[in-house]
Amino acid sequence: MPHRQRHHRAVGAAVAATAALLVAGLSGSASAGTAPADSAPTAAETLRTDAAPPALLKAMQRDLGLDRRQAEHRLVNEAEAGATAGRLRAALGGDFAGAWVRGAESATLTVATTDAGDVAAIEARGAEAKVVRHSLADLDAAKARLDKAAAGLNTADAPVWYVDTRTNTVVVEAIRPAAARSLLAAAGVDRSLARVESRTERPRTFYDLRGGEAYYINNSGRCSVGFPVTKGTQQGFATAGHCGRTGASTTGANRVAQGTFQGSIFPGRDMAWVATNSSWTATPYVLGAGGQNVQVTGSTAATVGASVCRSGSTTGWHCGTIRQLNTSVTYPEGTISPVTRTTVCAEPGDSGGSYISGSQAQGVTSGGSGDCRSGGETFFQPINALLQNYGLTLKTTGGDGGEEPGEPGGTWAAGTVYQAGNTVTYGGATYRCLQGHQAYAGWEPPNVPALWQRV
């Protein structure tokens, strides 16, 4: 059995000092009357940015051109920016048009709004304001119309479309521009909302039929383990749906019998989970460079522009940034939506592997284009949607996360996946979710102002 570490709030003095120096005006920028108590943990403490191991920091340095101090600062800034963006999203309501970070250390958070009257409120929280034409709700609705229209079209020549908050448009990337125009016309999307960009490569899944290591499907194909999970007392792991169908058997890298696919969706989504036998134990770790354990402490979704690293059985550790969240991609097998698009590379056999920001699980590798020699892009299936779909609990160093909430109770429940905007009650008060995550014991709403705001 793996050693279980207790969830704790405190981080090292150096990291805490970094948070204070770099994100003044971001951390603790709650609205009047809802500011967290002095003893409440910061976002960086809640999301355990101090849990990032040396292997992950080294990969960030290599792939993002940082030194170690910059990598550490970046993780702190991204945690605080995510919390601030969540608070502003709640405060701006229908005016909110997206948020993103930029800079080598992600020191600048930009929040977009459709109302110039919101600028002062945004800047008061330490963020830059950008006034745009379309709200995020409008962009998401337009993208949903593209998804619906794509079901009746061949989108092989317009294989990627997504909401791009930085340009306040819905982008369709096409090998043939006419294919993009056809998709936009079929969806009835106003051209003022849309932009067509050219691309040369067709995305593909990273499933390797030649076999190799990590885990094998029906003793032939190879994929990578995503994140260890539990479902009640059953242990297993999350992975990509295209790796295997329900009922397919798996063996480990050591060729020892491992488990069976309990559920699999592909195309449409790219999610699956494998229940393992008693020889295998779910641990709260991702395999890092040199065999090091990388802690997983939660699943809080990262924002656009944030750093993200991937672990895969073919190419190991590689890092990059999140380009877009609400993305659709067409592979030869069909269209997948929504996935998150990144600048991280991957190659065949990496499918199903883990994406992690700091110590927060983000998703499992779906597919992409290019490779880790010349560079490329990848798409991952967000982990929270996978956990919610199959009723799974992510294995974390903070505990099992499946406990019922104790007193004072309410509708909040450990093990539940919450999305930004969801509301719960706890201790007689109502709270609004600021960032998508799976709840765990110790993450009760009053304890984590980075994730919940009292309303």
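In this predicted model, helix α6, spanning residues 136–150, packs against helix α7, which covers residues 177–187. Their axes lie 8 Å apart and cross at an angle of about 105°. Angles of 65 to 115 degrees count as roughly perpendicular, so α6 is placed roughly perpendicular to α7. On the α6 side, the meeting residues are R145, L146, A149 and A150, and their counterparts in α7 are L183, L184, A186 and A187. Sorted by class, this contact comprises 7 nonpolar residues and 1 charged residue, with no polar residues.

Stepping back to the protein as a whole, the secondary structure consists of 8 helices and 28 strands. Of the 455 residues, 56% are buried.

The average pLDDT of the protein is 88, and 88% of the residues reach a score of at least 70. Two stretches deserve a separate mention here. Residues 207–213 have a pLDDT below 50, and in the model this stretch makes 24 contacts beyond near neighbours in sequence. For residues 400–406 the pLDDT is likewise below 50, and here the model shows 17 contacts beyond near neighbours in sequence.

Definitions and conventions. Residues numbered from 1 in each chain as written. Predicted model: local features only at pLDDT ≥ 70, side-chain atom pairs only at ≥ 80, totals over all residues. Heavy atoms only, no water. pLDDT = per-residue confidence, 0-100. Contact = heavy atoms within 4.5 Å. Axes fitted to C-alpha atoms, helices over the stretch in contact; angles between N-to-C directions. Helix = DSSP H or I, 4+ residues; strand = E, 2+ residues; numbered from the N terminus. Parallel < 35°, antiparallel > 145°, perpendicular 65-115°, else oblique. Nonpolar A, V, L, I, M, F, W, Y, C, P; charged D, E, K, R; others polar. Buried < 20%, exposed > 50% of the residue type's maximum accessible area, 1.4 Å probe, protein only.
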